[in-house]
Every structure is written in C-alpha cells, then in structure tokens.
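Work through the exercises below with the sequence and the model in view. Each task is followed by a worked solution.

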Amino acid sequence: MTGMEILKPLAVLAGWTMIMWIWMYATRIPAINKLPKPTEPGADQGWTGAMLEGLIAREVQWKAHNYNHLHEAPTVFYAVALALAVIGQGDGLNAQIAWAYVALRIVHSIWQSTVNKVAVRFLLFALSSLCLMALTLHLLLALFH
C-alpha cells in the first residue's frame, strides 16, 4: 500500500523500546535485590524509580532513564509517522527520515545506557529531534498545502 513504508521504522522503534524494557529490568532487579531489606513493615511500599537514585549504581539507572526517554519525544514520532502513513505520505524521503530518526534513537539508547557522556548524548538527541521536526513539517505541508 502507498505510504506504509514508514510503519517499518515505527515498528522497529516500538520493538527497541521493549528491548530497553528487558535490559532495564535485567539490570535493575538484581541491583534492587542486593539492597538491604527494609526493617520497618511497609517501608518498601509505594516506591518509585526516582527513589532508587543513589541507592543502586548509576549505570543501572541509566537504562531506566533511557526507557523513560523512549516514552517522550518518540510518542510524537509515532503519531506523525502514523498520520503520514494514513495520508499516503509515508514512503520515499519520509521513510528515510524515519529510519534516520530510529537509528539515532537506538544509538542514543545504547550510548546513554553504557557510556552516557552528556555532550554526545545531547548531539544524538538533537540530530534525532531535527529528523522529527522534518517529519512534522512534511506532515503539516501535506495537510495544509
């Protein structure tokens, strides 16, 4: 079908998000299990991920931070990509830009989850944001032109 090529990078990013979920819990659960057990009844109820900051290794938390990031700007990508597919504009240049966006987000995830030097991480985020801005502009032009 015309315009549906953009659904491939969309599916890959959704799949990558699930890989990050697995990586997050594969590292986080063992780290949590090594924490001293609370002595007061109910002391471990109602915890949030933010409460783990400073309690488990920051390298473990980086995976959780990235998993959260994959639920921020990429949600705009999903909406824009779906809209482009629906109006038949998800092929060609838009699909290529979508692949670039997904590749940059995956590299961003790996970088943030392992090395996490902020300058490089920001560059990857900024480049992916430019891709997202281009896709959004193409959607606006297609709808209002």
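Is Arg58 buried, partly exposed or exposed? Arg58 has a relative accessible area of 57%. Buried means under 20% relative accessible area, exposed over 50%, and partly exposed in between (1.4 Å probe, protein chains only). Arg58 is therefore exposed.

The model is predicted, so local features need pLDDT of at least 70 and side-chain atom pairs count only at pLDDT 80 or more, while totals for chains, interfaces and linings use all residues. Residues are numbered from 1 along each chain as its sequence is written, and side-chain values use heavy atoms, with hydrogens and water left out.

**Exercise 1. Find the salt bridges and describe their partners.**

Step 1. A salt bridge requires a side-chain nitrogen of Lys or Arg within 4 Å of a carboxyl oxygen of Asp or Glu. By this rule there are two salt bridges.

Step 2. Arg58 pairs with Glu59, with 3.6 Å between the closest N and O atoms. Glu59 is partly exposed, at 34% relative accessible area.

Step 3. Glu5 pairs with Lys8, with 3.0 Å between the closest N and O atoms. Glu5 is partly exposed at 32%, and Lys8 is partly exposed at 46%.
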